[in-house]
Amino acid sequence: MKAKASDMHSKDCVKVAVRVRPFNKRERDAGGHCVVSMASSSITIQDPRDPQNRRLFCFDYAYWSHSGFSQDRRGLYVPEEAGGRYADQDSVFQDLGEGILENALQGYNATLLAYGQTGSGKSYSMVGYGPNKGLVPKLCERLFEAIGENKDTRQCQVFFSMMEIYNEQVIDLLSRGSRTSGGLRVREEQQRGFYVEGFRTVPCDSAQQVEQLMEQGTRTRTTAATHMNANSSRSHMLIILQLKQIFSKESITKQSNINLVDLAGSERQRSSGSEADRLKEGTAINLSLTTLGNVISALADVAVGKRVVHVPYRDSILTKLLQSALGGNSRTVMIATLSPADICYEESLSTLRYAERAKRIQNRAVVNESPTERLVKELKAENAKLLQRLSRLGHEGRRAHDETKELRQLLTHNELQIKAIQTLWEQHLQEALKDWEQQYANITQERRMMQMHPYILNVNEDAQLSGVVKLFIQEGEWDIGLGDSSPRSVSIKGLGIQERHAVFRNEQRRVTLTPQPGSKVIVNGHDVSETTELQHLDRLILGSNCTYLFVGYPSERGGEDWGRYDYDYFQSELAAAEGIHLGESSAGCSQTDPSLLAVFYDYIKLMPMVAEANQMSQELNKEVEFKLEIKNLALSDSKGHDLEKEIVVRVTSTERKQVWMWSKAKFVNRKFLMEEVYQQHQAEQTGVSRAEGLPAAALPRDKDPFWDPVEPLLLGYAHLWLQSLAFRIPLEEQLEVLGSEGTEEAILQAQLVPCNFTGLPLGEDDILIDPSELLGRRLDFQLVLEQCCGLRWIREARNRGVQFGFRLFDCSQPLYTPAVWHNVNPLLEHRVHFASLHTSQRLLDYLQSSAVVLELWGLQDGCTDLVSSLEGVRMTTEGVFIIDEEGPTNPAPVNSAELSCSVRALQQDVEELKSVNTSLRKENQSLREQLNTARNGGGGGRGRSVRPSSDAEFARALKVFYHSMTSVRAQLQRLRRHRPSEESDLLGLRLITDEQSRLLRDFSEQLEQSVSTLKQDVAAIVRRKRERSGIWS
Ligand SMILES: Nc1ncnc2c1ncn2[C@@H]1O[C@H](COP(=O)(O)OP(=O)(O)O)[C@@H](O)[C@H]1O
Ligand SMILES: [Mg+2]
């Protein structure tokens, strides 16, 4: 409803509160640190990686609900000591709820929004859990109290509605009929603004009634989520309380709408890879939340006086419905909820930024009067006049009889009209109460059943939706599945549920479960196919991911806490059965690496999603399979550091064996798109809608979330250490190419050949004792990739090919070898000449401490080769790649003065080099002579230019040095290859990697040491030689 602008209006800023919750189990297990602190209404958040980096935000209210609380006998969380800082549900209501109630009673519209990442406490604050009632139920309680208190002055009518916005569809959560496909329509009217057409508004006259309706709504939400395979964290829950107050004495009516919105999870799927998903824009799932952000930004700009052309209210359903709450006729409060943990820092910071913008928005709220009520007022006024005239006529005797009759008729007519307007409410209320009594009877019945029979209880990822559905297993035999035709069937819906999925038998107070052929049943983490007897608190997973807790006969139920069997528990148990678990001993102790825990939780979060994706793929005949993999990022680091691990999803087409690797973010995004496709397909199947759109199976490829163009796939990496180049020592290696899971993908023969600028290999004479001699000089070398052997990728399917890609030092673009196809042991014979014209300390440091990472790319049927882009790559006319030039930090055009200066420097260098060259040549000459006299033959090497060794002792020392280097490196390689056995769990993996990286460090130190001692040895030899021969004196 839009109220006319009146002079009563005033500007109100959106009030913003922040609240931080206690650590949850995951965060506690991870040894999480609290990164937020609060002082009065300000909040500080600290970057866990840079503790100096703190951000301060100020809001209207800041609630510390993180610590300093205890649970009282009723189960309420209360401050540990009276007057403690802990903000409980009551104190939050005092500040926010009372204000909203006050506003509503005055006739203003009011809106309360809860914003924050999934699991941060939005629903806890809005709805609450168990005895810890949230803002909505408390508000209703107080509202009906206030109504009671003001009974004498006004008549009040309360209407309750509850809906959900999921994927831009509005679903009425109180609807009794079947769901309309495509959701309810949102319409716009001049007077009312945007509104939802045809949603159920239920008249209420007690808080219990409202609570019960909320329960009903939550139940609908839960079943809709499992039936449609939708995720509640992606949906917005909207409760609308309409309050009408009729002040009979003053003949005014006030009407206010209270919008209570539990928003979808605010988390953004940060793409970990650089790739942006082709279908990123295609998803409408988060459209409403994104648009809300845009609207808030625009309005915040308006508030600071920026010119804003357009506020995009119309871009999404949510913002249409909240138009009056944002920058319009409403008094609005936002509660932003935060996780305290360091691992949520990024999300929490983004929530705080969002809230800060919201706080600038200005609304213009007015007291509302509706036309219907004005009519009553007018009718009443007219009646009053009529009555006056009547009484006057009464005194004037019989003459007025006719007029009196007419007036009386008018009067009755008016009164009837007034009655009609008012009794409508009474009537509706009566109907609603009947309905409510029916529901109430159902609930009482359910409570009784719970005390008599075993049952299964739904467990949802969203704690708010857990424990809502109870399915009773009474004496006898019960089919559980999609089918609901027989009276002895328990109907459930969900992904991968068969018509007749399993059979429960309840005989002699023992309950067994028998899966039907072809259906998936998991009990306590293990697949079962035989009849299994169920124990109290067994965990059942039916189909892809319908999770239930089995509750035995009341006699078996102890006082245990069922709350521990939450969704995480189910998934961890399942992961443990797959061999991925965190050891019991590690739980709760801070020894487990938090990054490893993060991977573990990613894994258990994605696991059910992968199961669901596979099920959808199967049902839609998509012929792709999804599988989770743990990718080790260490392998891609040029310094070989042990970085974090990451979860990726391997997608394989079952027929053509094409492979794709999706990042976690991409998979999560795609999964939601798959759900959309699946939901549409289901709707078509059930014939509910044969409306718009193609059948899901025939979805055009560019819109198909199961499909992607075939691309080269990164199979693994090999590291070629560059240190030998710093000494101008050639290096030949057999490298193991390791896949991201530590698998051996291939063996690669590679060389590093120091050479002159024409590409001629240097000899032993050119070996440097001190790498710093290279400083400022030109260094040429070639990277040779000779052959690749034992390619697993090709062995798996012959119609594939490979390429290697690599990038050296500052090169902006990777270079690729030409593609080779169909060969398990292809010859590559790829030689690239690199040069640094002016070797800098930085390059020298790089050579001494880094490896060139050789990426093995898999090509598959239908994909194009990777080509080296030469854009921004510096090359000489002879095709030599320049990897280092002075001043890469100063790419600005140099002026001619600078140029001539550097030319002069270069000339000087050249001169210097020339003189060095001549002296070296002289030295060579004399050494050769000495050698000849000592009668000594030169060694040779694989067709390269053979030069006689200049100094046997010298050369030997260098060889020893070189060999020791290679042997140490080989040892290193072996270490890197050293892998845990197939069945090791994640913790085992972790221990091994830790051990490995420690050993690696030791080895590289050893290497360093051998380099420096040998350097000293060689220097000593040279010194001795010098002294002995006197040739350099
Ligand atoms: N202030 C709080 N005090 C105690 N527990 C909380 C608090 N806020 C949230 N929780 C708990 O954290 C979990 C997630 O909260 P929930 O409100 O469902 O998150 P959201 O709705 O934001 O996804 C629930 O188990 C809830 O009980
Ligand atoms: Mg929630």
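Two strands pair if DSSP finds at least two bridges between them. I kept that in mind while reading this predicted model, where local features need pLDDT of at least 70, side-chain atom pairs count only at pLDDT 80 or more, and totals for chains, interfaces and linings use all residues. Residues are numbered from 1 along each chain as its sequence is written.

I looked up an open, mixed sheet of five strands, ordered 24-23-25-26-29; strands (E, at least two residues) and helices (H or I, at least four) are DSSP runs numbered from the N terminus. Strand 24 (489-491) and strand 29 (532-533) are its edges, each with a single partner strand, so one side of each has no neighbour in the sheet. Inside it, strand 25 (residues 502-507) pairs with strand 26 (residues 510-515) in the antiparallel sense over six bridges. I found Ala502 opposite Pro515 of strand 26.

Next I followed an open antiparallel sheet of six strands, 22-21-31-30-27-28. Here strand 30 (residues 539-542) and strand 31 (residues 546-551) share four bridges in the antiparallel sense, and Leu540 faces Tyr548 in strand 31.

**A helix on the sheet.** I then saw helix 11 (residues 567-577) lying across strand 27 (521-523), strand 28, strand 30 and strand 31, at about 80° to strand 30. Contact means heavy atoms within 4.5 Å; axes are lines fitted to C-alpha atoms, for helices over the stretch in contact, and angles run from 0 to 180 degrees between N-to-C directions.

**Two helices.** Last, I checked helix 2 (residues 89-106) against helix 4 (residues 135-149): they pack at about 50°, axes 9 Å apart. Among the residues meeting there are Phe93 and Leu96 in helix 2 and Leu139 and Leu143 in helix 4.

Methods
Chains are lettered from A and ligands numbered from 1 in the order in which they are written. Side-chain values use heavy atoms; hydrogens and water are left out.
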